[in-house]
Amino acid sequence: MSFTQDELKQQVANAAINYVKSGIIGVGTGSTANYFIDALAEIKHKIDGAVASSEATSNRLKSHGIEVFDLNDINGMDIYVDGADEITEHMHMLKGGGGALTREKIVAANAKEFICICDESKYVSVLGKFPLPVEVLPMAKSYVARELTKLGGQPELRDFTTDNGNIILDVHELKIIDPIEIEIKINQIVGVVTNGLFAVRPADTLLLATDNGVKTIKKGA
Ligand code: 5RP
């Protein structure tokens, strides 16, 4: 049986609901995360609320009557559920297609378990076919673009302003052989807020929707 990408996203979002027990849930951003939010609404009586990784996610949670907490008012959370643009067998992810990478990384850092929900088109052997998003303070745009070019990338300014009031440079043609090294290196460029590599803190659990059902892959397995 073959499913559309949207059907696979919906199936994997539904599967993630099994991980929701109680308390406060960290919620990602994007179309897969949106399916998760809609499924979460069905069991909202089980949880206290959520922490959102973007204004868009916050609005969608609130529209379902799910309380949205400020991250500074809570003491961490058990799970963070989010999609990705690419993920490898090592659970290293490339994220930020929706431009929410910085808040996603912050919320994820506060969760005991990062549950990545993806359709199988996102499962890759090497990261970087999808351009790497880098959130940058506006005044540092040209400097950071030059530094990214020195690393072998081709930065392109996205017509977008982040929830934090910054710009995004999408970096094409980067060879991401060692995602941890590149994540750290790019984050050290002055003016970079963060980049879309989630390798220093990878996912713990990957739920991968395939035409043969949703597979569960654990870090280190
Ligand atoms: C947003 C993200 C998303 O998780 C990523 O872009 C995947 O999105 P989608 O579920 O729509 O394919 O990182 O910043």
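Helices (H or I, at least four residues) and strands (E, at least two) are DSSP runs, numbered from the N terminus. The structure described here is a predicted model, in which local features need pLDDT of at least 70 and side-chain atom pairs count only at pLDDT 80 or more, while totals for chains, interfaces and linings use all residues. Residues are numbered from 1 along each chain as its sequence is written, and side-chain values use heavy atoms, leaving out hydrogens and water.

The protein chain contains six helices and 13 strands. Its C-alpha atoms occupy a box of roughly 50 × 40 × 30 Å along the principal axes. For 221 residues, a compact globule would have a radius of gyration near 17 Å, and the 17 Å of the protein chain agrees with this; the radius is taken over C-alpha atoms, and the globule rule is 2.2 Å times the number of residues to the power 0.38. Of the 221 residues, 52% are buried, where buried means under 20% relative accessible area, exposed over 50%, and partly exposed in between (1.4 Å probe, protein chains only). Contacts are defined by heavy atoms within 4.5 Å. Among those between residues at least 6 apart in sequence, 70% join residues at least 24 apart.

Two loop residues have positive phi values. Glutamate 173 is located in the loop between strand S9 (167-172) and helix H6 (179-187). Its phi is near 65°, a positive value in a residue other than glycine, and glutamate 173 is exposed because its relative accessible area is 52%. Methionine 91 belongs to the loop between strand S4 (86-87) and strand S5 (93-94), with phi near 75°, likewise positive in a residue other than glycine. Methionine 91 has a relative accessibility of 1% and therefore counts as buried.

Asparagine 195 is part of strand S10 (residues 192-195). With 0% relative accessibility, asparagine 195 counts as buried. Its side chain forms a polar contact of 2.7 Å with the side chain of asparagine 187; such a contact is a pair of N or O atoms within 3.5 Å, and within protein one must be able to donate a hydrogen and the other to accept it, residues adjacent in sequence counting only if both atoms are side-chain atoms. Beyond residues up to four places away in sequence, asparagine 195 touches residues including Leu101, Pro133 and Ile182.

Lysine 215 lies in strand S13 (residues 213-218) and is partly exposed, with a relative accessible area of 46%. Its C-alpha atom is separated by 9.0 Å from that of valine 12, 203 residues apart along the chain.
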